[in-house]
Amino acid sequence: MIDSGEGNASGRDNLWVLLFFPEYETTEYLFNGATRDKGQDIIPVRPHHLGKPVHVYASFNRYNGSDISPSSYIGIVPHS
């Protein structure tokens, strides 16, 4: 993903995250998350998803809703 200050990125852009839980073949998502300049966000998930492996995809939405960056596959996060 483009860092704030590069290209059209802005610190006001909002995080978009998709979590795919292969064990249940379900997703959780966060559409208008924290702004890019915050550097992190907390994504609430259903209790039965806790501790399960999850595929993580992320992107940023332009603060005014006019554009979205290409998504990036962050990887599979194994939970213990």
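Seven bridges connect strand 1 with strand 3, and the two run antiparallel. Strands here are DSSP runs (E, at least two residues) numbered from the N terminus, and two strands pair if DSSP finds at least two bridges between them. Before we go further, note that this is a predicted model, in which local features need pLDDT of at least 70, side-chain atom pairs count only at pLDDT 80 or more, and totals for chains, interfaces and linings use all residues. Residues are numbered from 1 along each chain as its sequence is written, and side-chain values use heavy atoms, with hydrogens and water left out.

Four strands form an open sheet in the order 2-1-3-4, with antiparallel pairing. Strand 2 (26–30) and strand 4 are the edge strands, each pairing on one side only. On average, neighbouring strands of this sheet are turned by 20° against each other, direction ignored; for this angle, axes are lines fitted to C-alpha atoms, and angles run from 0 to 180 degrees between N-to-C directions. In general, strands of a sheet pair through backbone hydrogen bonds, either parallel or antiparallel.

Strand 1 (residues 14–21) is joined to strand 2 by five bridges, again antiparallel. Six of the eight residues of strand 1 are buried, so this strand is largely enclosed by the rest of the structure. Buried means under 20% relative accessible area, exposed over 50%, and partly exposed in between (1.4 Å probe, protein chains only).

| Residue | Bridge partner | Strand of the partner |
|---|---|---|
| N14 | N61 | strand 3 |
| L19 | E28 | strand 2 |
| F20 | T27 | strand 2 |

N14, found in strand 1, is buried, with a relative accessible area of 15%. What does the side chain of N14 reach at 2.9 Å? It reaches the backbone oxygen of G33, a polar contact (a pair of N or O atoms within 3.5 Å; within protein, one must be able to donate a hydrogen and the other to accept it, and residues adjacent in sequence count only if both atoms are side-chain atoms). Leaving aside neighbours within four places in sequence, N14 is in contact (heavy atoms within 4.5 Å) with residues including A34, S59 and Y63.

E25 lies in the loop between strand 1 and strand 2. The hairpin of these strands has four residues between them, and E25 there takes a positive phi near 50°. At 67% relative accessibility, E25 counts as exposed.

**V56 in strand 3**

V56 lies in strand 3 and is buried at 14% relative accessibility. The C-alpha atoms of V56 and L18 are separated by 6.0 Å, although the residues are 38 apart along the chain. Not counting residues up to four places away in sequence, V56 touches several residues, among them V17, L19 and I74.

**Rings and charges**

How many aromatic pairs does the structure hold? The structure holds one. The rings of Y57 and Y73 have centres 4.9 Å apart and planes at 50°, so the pair is tilted. Rings of Phe, Tyr and Trp (its six-membered ring) pair if their centres lie within 6.5 Å; planes under 30 degrees apart count as stacked, over 60 as edge-to-face and the rest as tilted. Y57 is in strand 3 (residues 54–61) and Y73 in strand 4 (residues 72–77), 16 residues apart.

The charged end of R12 sits over the ring of Y63, 3.6 Å from its centre. Likewise, the charged end of R36 sits over the ring of F60, 3.8 Å from its centre. A charge sits over a ring if NZ of Lys or CZ of Arg is within 6 Å of the ring centre and within 35 degrees of the ring normal.
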